[in-house]
Amino acid sequence: MSAADAAIRYARNNRDRFLEDLKALIRIPSISTLSERREDIRRAAEWIAEQLRSYGFHDVEIAPTAKHPVVLGEHTGAGPAANTASGNPSTGARAARSRR
């Protein structure tokens, strides 16, 4: 089985859990353009940090920026050739980098 096939199989087998996790995150009204949502943005960052820890990430931290926090974490268990990803809870921005 290829790595892509294994990933697809894993996603399908865990679909319900992933969907519930997504629902839990989007229930937090972390709208970055609304100053009254500042605490919700922080709460979303804390939720994401906890999820990363539960997935085996280490050195997880919530780093302050000029506007909104950024969640940082490291997961080295997949080896040096593994892909990396990052995200920003206030904007939904995502970035990925392949190490291949």
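**Contacts, helix packing and strand pairing in the predicted model**

Of the contacts in the chain with a separation of 6 or more, 19% are accounted for by residues 24 or more positions apart. The model is a predicted one, and its chain comprises 100 residues, of which 22% are buried. The secondary structure comes to three helices and four strands, arranged from the N terminus in the order α-α-α-β-β-β-β.

Helix α1, spanning residues 3-13, packs with helix α2, spanning residues 15-26, at an angle of about 70 degrees, and the axes of the two helices lie 4 Å apart. Because angles of 65 to 115 degrees count as roughly perpendicular, α1 is described as roughly perpendicular to α2. On the side of α1 the contact is made by Y10, A11, R12 and N13, while α2 contributes R15, R17 and F18. By residue class, the contact of α1 with α2 divides into three nonpolar, one polar and three charged residues.

The largest nonpolar core consists of nine residues, namely L25, I28, A44, A45, I48, A49, L52, V60 and V71. Helix α3, which covers residues 38-54, gives the most to this core, supplying five residues.

Among the strands, β1 (residues 58-63) and β2 (residues 70-74) pair in the antiparallel sense over four bridges.

How values were computed
Residues numbered from 1 in each chain as written. Predicted model: local features only at pLDDT ≥ 70, side-chain atom pairs only at ≥ 80, totals over all residues. Heavy atoms only, no water. Axes fitted to C-alpha atoms, helices over the stretch in contact; angles between N-to-C directions. Parallel < 35°, antiparallel > 145°, perpendicular 65-115°, else oblique. Contact = heavy atoms within 4.5 Å. Nonpolar A, V, L, I, M, F, W, Y, C, P; charged D, E, K, R; others polar. Core = buried A, V, L, I, M, F, W, Y, C linked by side-chain atoms within 4.5 Å. Buried < 20%, exposed > 50% of the residue type's maximum accessible area, 1.4 Å probe, protein only. Pairing = 2+ DSSP bridges.
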